[in-house]
Amino acid sequence: MTDGAVTETACVLVAADKFKGSLTAVQVAERVTAGLRRVVPDVHVEALPVADGGDGTVAAAVAAGFERREVRVTGPLGEQRTAAFALRDGTAVVEMAEASGLQHLPEGVFAPLTSTTYGSGELLRAALDAGARTIVFGVGGSATTDGGAGMLAALGARFLDKAGEPVGPGGGGLRDLVTADLAGIDARFADVDLVLASDVDNPLTGPKGAPAVYGPQKGATEEDVATLDAALGHYASVLEKAVGPQAARYALSPGAGAAGGIGYGALVGLGASFRPGIEVMLDVLGFAAALERATLVITGEGSLDEQTLHGKAPAGVAAAARAKNIEVIAVCGRLALLPEALGKAGIRRAYSLAELEPDQARSMAEAGPLLERAAEAIARDFLL
């Protein structure tokens with residue numbers, strides 16, 4: 001034992017997020033488990049893949065025992081595609097990226113002004129049709145900046161131009177918006193607990209708003225960002241006339257800017273409540289019960305950096321474990337946090353794949369075997 005072991009009857013809880021571009025959260029758990037058992041064959045390992053509301057959220061729910069349901073929806077460019085949600089005991093986990101995610105755009109193709117969240121609305125409706133009474137709506141990884149207008153249109157809202165025709169898709173279409181009518185939105189939302197799960201607390205518009213902060217990663221130029229910011233501001237003004245002053249308040253609310261403003265659409269049109277994504281998902285996945293059985297927790301994600309500390313999965317896992325005085329170790333592809341920052345977050349030590357393979361492309365390509373090696377080191381340092 002070099003770093004301080006847990007106990008001879010160790011129960012290791014592996015609660016890590018995906019390594020984006022390399023390994024799913026389920027694969028991370030599998031590789032960590034394999035590495036630990038190579039050194040300590042009889043160690044008890046419990047895997048609970050986690051997510052913070054972004055892409056991979058449905059997969060984490062399915063790994064925790066939810067049923068996977070599939071439905072045909074409209075993709076961000078208007079194409080038909082298959083998307084999934086997860087269901088268990090009247091609770092649905094819906095991931096907007098399944099329908100409207102950036103990963104659905106062809107490589108090198110962006111549509112910052114016209115990509116739509118219509119399919120996300122169809123996915124929510126499918127969850128209602130399946131009998132969901134509680135919907136955890138994970139928002140992140142979107143290809144869109146339409147303020148959730150597409151989603152609301154799919155659920156019965158009408159957004160019309162001066163000729164009384166529906167405006168075009170995407171945030172760009174909202175420039176022509178004259179009338180908004182939310183009266184036709186599916187009435188079942190009045191009886192459903194819809195929880196907006198996100199690690200993003202940005203407002204809808206402005207310097208920290210959805211277009212300015214997240215538009216460029218969706219292909220938006222400076223001109224596009226200005227166009228989208230003005231269009232979303234106009235959208236909020238028209239909604240204020242339609243539903244009252246709460247529309248303006250919601251535009252400033254934390255989470256309104258999540259996933260290109262779909263957070264705003266959910267707050268103003270669907271009666272959603274906002275909670276940090278990892279906090280919601282840990283509740284849904286049964287993390288508290290698993291933590292009671294654990295003597296050591298291993299968490300992680302592809303990059304441990306400043307963003308991690310602001311509501312990402314490893315920070316949420318570490319905070320919950322620290323409250324129970326359970327030691328937390330992290331694994332990651334890339335480590336950009338000093339030991340002091342890790343310690344403040346409740347993480348005892350981090351093991352980076354970059355330490356084993358400095359070449360980033362090779363590290364990502366060989367992430368699985370490298371992660372097993374990192375887990376072997378954890379076993380030697382903490383379990384022997």
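**Figure 1. Thr205 is partly exposed, with a relative accessible area of 28%.** Partly exposed lies between buried, under 20% relative accessible area, and exposed, over 50%, with a 1.4 Å probe and protein chains only. This is a predicted model: local features need pLDDT of at least 70 and side-chain atom pairs pLDDT 80 or more, while totals for chains, interfaces and linings use all residues. Residues are numbered from 1 along each chain as its sequence is written, and side-chain values use heavy atoms, leaving out hydrogens and water. Thr205 sits in the loop between strand 9 (193-198) and helix 7 (210-214). Helices (H or I, at least four residues) and strands (E, at least two) are DSSP runs, numbered from the N terminus. Leaving aside residues up to four places away in sequence, Thr205 touches Asp229, Leu232 and Gly233; contact means heavy atoms within 4.5 Å. Gly257 is 52 residues from Thr205 in sequence, yet their C-alpha atoms are 7.1 Å apart.

**Figure 2. An open sheet of 6 strands runs in the order 3-4-5-6-9-10, with mixed pairing.** Two strands pair if DSSP finds at least two bridges between them. Strand 3 and strand 10 (273-276) are the edge strands; each has a single partner, so one side of each lacks a neighbour in the sheet. From one strand to the next, the twist averages 30°. Angles run from 0 to 180 degrees between N-to-C directions, with axes fitted to C-alpha atoms, for helices over the stretch in contact. Strand 6 (residues 134-138) and strand 9 run parallel, joined by 5 bridges. Thr134 stands opposite Asp193 in strand 9. Helix 10 (residues 258-270) packs on the sheet, touching strand 6, strand 9 and strand 10, at about 160° to strand 9.

**Figure 3. Strand 3 (residues 67-74) and strand 4 (residues 80-88) run antiparallel, joined by 8 bridges.** Arg72 has Thr82 of strand 4 as its bridge partner. The hairpin has 5 residues between the strands, and Gly78 takes a positive phi near 95°.

**Figure 4. An open sheet of 5 strands has the order 2-1-11-12-13, with parallel pairing.** Strand 2 (44-47) and strand 13 (349-352) hold the edges, each with a single partner strand, so one side of each has no neighbour in the sheet. The twist averages 25° from one strand to the next. Strand 11 and strand 12 pair over 8 bridges. Ile298 has Ile329 of strand 12 as its bridge partner. Helix 13 (residues 313-323) lies across strand 11 and strand 12, at about 160° to strand 11. Helix 17 (residues 367-382) lies across strand 11, strand 12 and strand 13, at about 150° to strand 13.

**Figure 5. The largest pocket holds about 1200 Å³ of space.** On a 1 Å grid over the protein atoms alone, a pocket is an open set of points where a 1.4 Å probe fits, with protein on both sides within 12 Å along at least five of seven lines; lining residues have an atom within 4 Å of a point. Grid points are joined across faces, edges and corners, and the volume is the space filled by probe spheres set on them. The largest pocket has 43 lining residues; Lys20, Asp199, Glu301, Gln307 and Lys312 lie nearest its centre. The lining divides into 11 nonpolar, 19 polar and 13 charged residues. Nonpolar covers Ala, Val, Leu, Ile, Met, Phe, Trp, Tyr, Cys and Pro; charged covers Asp, Glu, Lys and Arg; the others, Gly among them, are polar.
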